[in-house]
Amino acid sequence: MGYWREATGIKGPSGFGSGSTAEQVTEGIDASALTVIITGGSSGIGAETARVLAQRGAQVIIGARNLEAANAVKQNILESTPSARIDIIQIELSSLKSVRAFADKFLAMDLPLNILINNAGVMYCPFQLSEDGIEMQFATNHLGIFCSFSFTAEKTGIEGRIVNLSSIAHIGPYREGIMFDKLNDKNAYNDKSAYGQSKLANILHSNELARRLKEEGANVTANSVHPGLIRTNLGRHAPVFISTIADLPHSGSLRLLELIQPTIHGRAPTVCTLKLQGAATTCYVALHPSLKGVSGKYFADSNEEKPTAKARDSALAKKLWDFSEELVNSKS
Ligand SMILES: NC(=O)c1ccc[n+]([C@@H]2O[C@H](COP(=O)([O-])OP(=O)(O)OC[C@H]3O[C@@H](n4cnc5c(N)ncnc54)[C@H](OP(=O)(O)O)[C@@H]3O)[C@@H](O)[C@H]2O)c1
């Protein structure tokens with residue numbers, strides 16, 4: 001799955017590689033006709049994604065639970081791009097009520113929706129149930145994005161794109177992939193497997209969504225991405241693990257330099273905000289013209305990659321869709 005390319009930074013067929021930045025993969029692209037929603041834009045990869053898409057002219061809506069942090073990101077972006085168009089709407093992804101309120105607020109803005117980037121996520125948190133009674137990593141990373149937005153592709157003629165932030169961690173879910181019958185069972189919980197499960201769910205969801213959109217004839221694509229191994233606030237529940245991974249030489253040559261930098265300069269190792277290469281694959285999949293019509297695929301280092309067999313299991317994807325739909329409806 002592209003480990004060699006990630007480690008060496010060698011460019012793939014797209015002309016980009018693990019050393020490419022979000023600015024490089026979107027160079028020359030005019031996004032001024034586009035409205036983009038980015039969840040979790042208040043830090044890390046989401047903040048850098050918001051910055052670059054705003055720089056390319058897109059109207060950016062940041063979905064964030066921490067409004068103060070999101071405002072700081074907005075101010076930061078405005079300093080480098082004074083013309084940036086950025087709005088912030090509060091969202092708590094682990095609460096279905098909050099996700100619905102977010103959708104209503106967005107609809108009230110009467111903007112088109114061209115690109116939806118489901119970026120927000122948590123990793124390895126101790127067992128916890130959401131306010132809807134659902135295991136927290138599944139609730140935040142998967143179920144919170146399982147809501148319908150009306151894309152304006154038909155009206156505007158502009159292809160809509162959905163980008164789900166998955167992870168290489170999709171290779172390590174529970175043995176059965178998705179633990180449908182014990183999802184909320186504290187005794188069966190393992191923080192790493194639960195994260196792997198939620199990231200597997202992101203790919204399965206994208207694939208099933210892509211299939212359904214195609215069947216409906218909608219001019220909207222859905223893809224999933226692994227953004228690389230980037231030291232961000234994501235590691236708050238596992239700082240040692242993340243430091244170890246980030247410092248291994250397989251994390252991508254240029255990116256590795258960036259990851260090590262905060263340690264060299266004596267800053268806190270797990271709290272860095274803007275990661276240039278970390279947002280590249282998301283921005284590539286969201287904007288690049290070469291991906292017109294490409295749907296149901298998985299990308300890493302701005303190139304298409306093959307995820308695990310479980311992630312490509314269309315029966316499992318359908319089962320997850322039906323399960324998620326039932327779960328969401330039961331909480332209405
Ligand atoms: N960093 C990596 O190496 C890596 C590798 C593979 C995949 N990913 C994926 O990339 C995505 C972004 O992660 P990151 O590394 O940029 O981590 P991050 O810096 O922790 O950013 C995650 C964002 O999601 C938000 N968020 C978390 N839980 C939320 C909730 N319940 N409701 C609303 N917002 C919530 C966070 O808000 P707060 O600031 O309020 O917490 C933050 O803005 C995640 O989906 C992650 O799984 C990251």
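**Core packing and the ligand shell**

Phe-149 touches Ile-37, Phe-102, Ala-103, Phe-106, Leu-113 and Leu-116, leaving aside residues up to four places away in sequence; contact here means heavy atoms within 4.5 Å. Apart from it lies another core, of 38 residues, which includes Ile-29, Val-36, Ala-47 and Ile-86. A nonpolar core is a set of buried Ala, Val, Leu, Ile, Met, Phe, Trp, Tyr and Cys residues joined through side-chain atoms within 4.5 Å, where buried denotes under 20% relative accessible area (1.4 Å probe, protein chains only).

The model is predicted, and its local features need pLDDT of at least 70, side-chain atom pairs count only at pLDDT 80 or more, and totals for chains, interfaces and linings use all residues. Residues are numbered from 1 along each chain as its sequence is written, and side-chain values use heavy atoms, without hydrogens and water.

The largest nonpolar core has 42 residues, of which Ile-37, Phe-138, Phe-149 and Ile-178 touch the most other members. Among the elements that each supply at least two residues to this core are helix 5 (96-108) and strand 6 (220-226), while helix 8 gives the most, with 7 residues. Helices (H or I, at least four residues) and strands (E, at least two) are DSSP runs, numbered from the N terminus.

Turning to the ligand, a backbone N or O atom of Leu-93 lies 2.8 Å from a ligand nitrogen atom. Backbone N or O atoms also lie 3.3 Å from a ligand oxygen atom at Gly-228 and 3.1 Å from a ligand oxygen atom at Leu-234. Taken alone, the ligand exposes 880 Å², of which the protein buries 95% (Shrake-Rupley method, 1.4 Å probe).

How values were computed: Buried means under 20% relative accessible area, exposed over 50%, partly exposed in between (1.4 Å probe, protein chains only). A polar contact is a pair of N or O atoms within 3.5 Å; within protein, one must be able to donate a hydrogen and the other to accept it, and residues adjacent in sequence count only if both atoms are side-chain atoms.
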